[in-house]
Amino acid sequence: MLPVLYSFRRCPYAMRARYVIAFLGVSVQLREVVLKSKPAALLELGGRSSVPQLVDVDGIRYPESLDIIIWALSKSGDSDLVNQLWPLKGNQQNKMKAWIAYNDKFFKHWLDRYKYADRYPESSESYYRDKGEVFLRRLDKRLSRNEFLLGESMSVADIAVFPFIRQFSGVNQGWFELSQYNNVKRWLAEFVNSEMFKSVVMVKYAAWEAGQEDILFPAH
């Protein structure tokens, strides 16, 4: 019996949880969710029914992507990988949490309005993009000094943020490719062009239904 991960392929929160789980090689049963028709097993958990959510073998529920990431770190048997993704030295964790908090609390706000500008007619798409660019400038400046946000090794900060930058870039791919954010483009490409991302994290699965066999993730 394995923990159950309820996920939605294109959701950036689910994407970052899947990436950490796959990177660490922690096994779960993946249940792909259609947001317009959520399975009863997810709804019966009570409370919020958003994805991702994880239920471990003891029935303990992890309802947020960062909860799931911390859980996966605790279950990994590879201390070197854990220390790389979640460094304990100095104030690295505080820096990591600051990047993630800004992404989740501020950048995501403008990303949603930029992506769905027709739903927010009080301002233009370009206005929302300009607001999102505040974060892109910060990222680009940091990435001009290091390969990743905390240094030369990938951390949870990078994994937690890149799915949202991927979404931002996809709103107007032509604009993004011609933009000045060369360091962000290089950093993002390292993730989205990787075999881990293309062949593991973003594999398409049919929507899960009760009685259906669960999918082993990551596949071995």
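## Close-up views of a predicted model

View 1. Not counting residues up to four places away in sequence, leucine 139 touches Trp99, Leu149, Val161, Ile165 and Val184 (contact means heavy atoms within 4.5 Å). This is a predicted model, where local features need pLDDT of at least 70 and side-chain atom pairs count only at pLDDT 80 or more, while totals for chains, interfaces and linings use all residues. Residues are numbered from 1 along each chain as its sequence is written, and side-chain values use heavy atoms, with hydrogens and water left out. Which residues touch the most other members of the largest nonpolar core? They are Leu139, Ile165 and Trp187, out of 56 residues in that core. A nonpolar core here is a set of buried Ala, Val, Leu, Ile, Met, Phe, Trp, Tyr and Cys residues joined through side-chain atoms within 4.5 Å. As for the word buried, it means under 20% relative accessible area, with exposed being over 50% and partly exposed in between (1.4 Å probe, protein chains only). Helix H7 gives the most to this core, with nine residues. Another core lies apart from it, with eight residues, among them Phe8, Cys11, Val33 and Val51. In soluble globular proteins, nonpolar side chains tend to be buried together.

**View 2. Helix H1 meets helix H7.** H1 covers residues 12–24 and H7 covers residues 156–171; helices (H or I, at least four residues) and strands (E, at least two) are DSSP runs, numbered from the N terminus. The two pack at an angle of about 140 degrees, with their axes 8 Å apart. Axes are lines fitted to C-alpha atoms, for helices over the stretch in contact, and angles run from 0 to 180 degrees between N-to-C directions. H1 and H7 are therefore oblique to each other: angles under 35 degrees count as roughly parallel, over 145 as roughly antiparallel, 65 to 115 as roughly perpendicular and the rest as oblique. On the H1 side, look for Pro12, Tyr13, Met15, Arg16, Tyr19 and Val20, and on the H7 side for Ile159, Ala160, Phe162, Pro163, Phe164, Arg166 and Gln167. Sorted by class, this contact has ten nonpolar, one polar and two charged residues (Ala, Val, Leu, Ile, Met, Phe, Trp, Tyr, Cys and Pro count as nonpolar, Asp, Glu, Lys and Arg as charged, and the others, Gly among them, as polar).

**View 3. Helix H5 alongside helix H7.** The axes of H5 and H7 come within 10 Å and cross at roughly 15 degrees. That makes H5 roughly parallel to H7. From H5, the residues in the contact include Met96, Trp99, Ile100 and Phe107, and those from H7 include Val156, Val161, Ile165 and Phe168. The contact divides into 14 nonpolar, two polar and three charged residues.

**View 4. Two residues of helix H7.** Valine 156 and glutamine 167 are both found in H7. Valine 156 is buried, with a relative accessible area of 1%. Leaving aside neighbours within four places in sequence, valine 156 is in contact with Ile69, Leu73, Leu85, Trp86, Met96 and Ile100. The C-alpha atoms of valine 156 and isoleucine 100 are separated by 8.7 Å, though the two residues are 56 apart along the chain. Is glutamine 167 buried or exposed? Glutamine 167 counts as buried, at 14% relative accessibility. Not counting residues up to four places away in sequence, glutamine 167 touches Arg10, Pro12, Leu111 and Lys115.

**View 5. Tyrosine 102 on helix H5.** Tyrosine 102 lies in H5, which covers residues 92–115. With a relative accessible area of 21%, tyrosine 102 is partly exposed. Tyrosine 102 touches Phe107, Val134, Phe135 and Arg138, again not counting residues up to four places away in sequence. From C-alpha to C-alpha, tyrosine 102 and phenylalanine 135 are 8.3 Å apart in space, and they are 33 residues apart in sequence.

**View 6. Two cis peptide bonds.** Where does proline 52 sit? Proline 52 is in the loop between helix H2 (40–43) and strand S3 (53–55). The peptide bond leading from valine 51 to proline 52 is cis, with omega near 5 degrees. Proline 218 has its place in the segment after strand S5 (215–217). The bond from phenylalanine 217 to proline 218 is also cis, with omega near -10 degrees.
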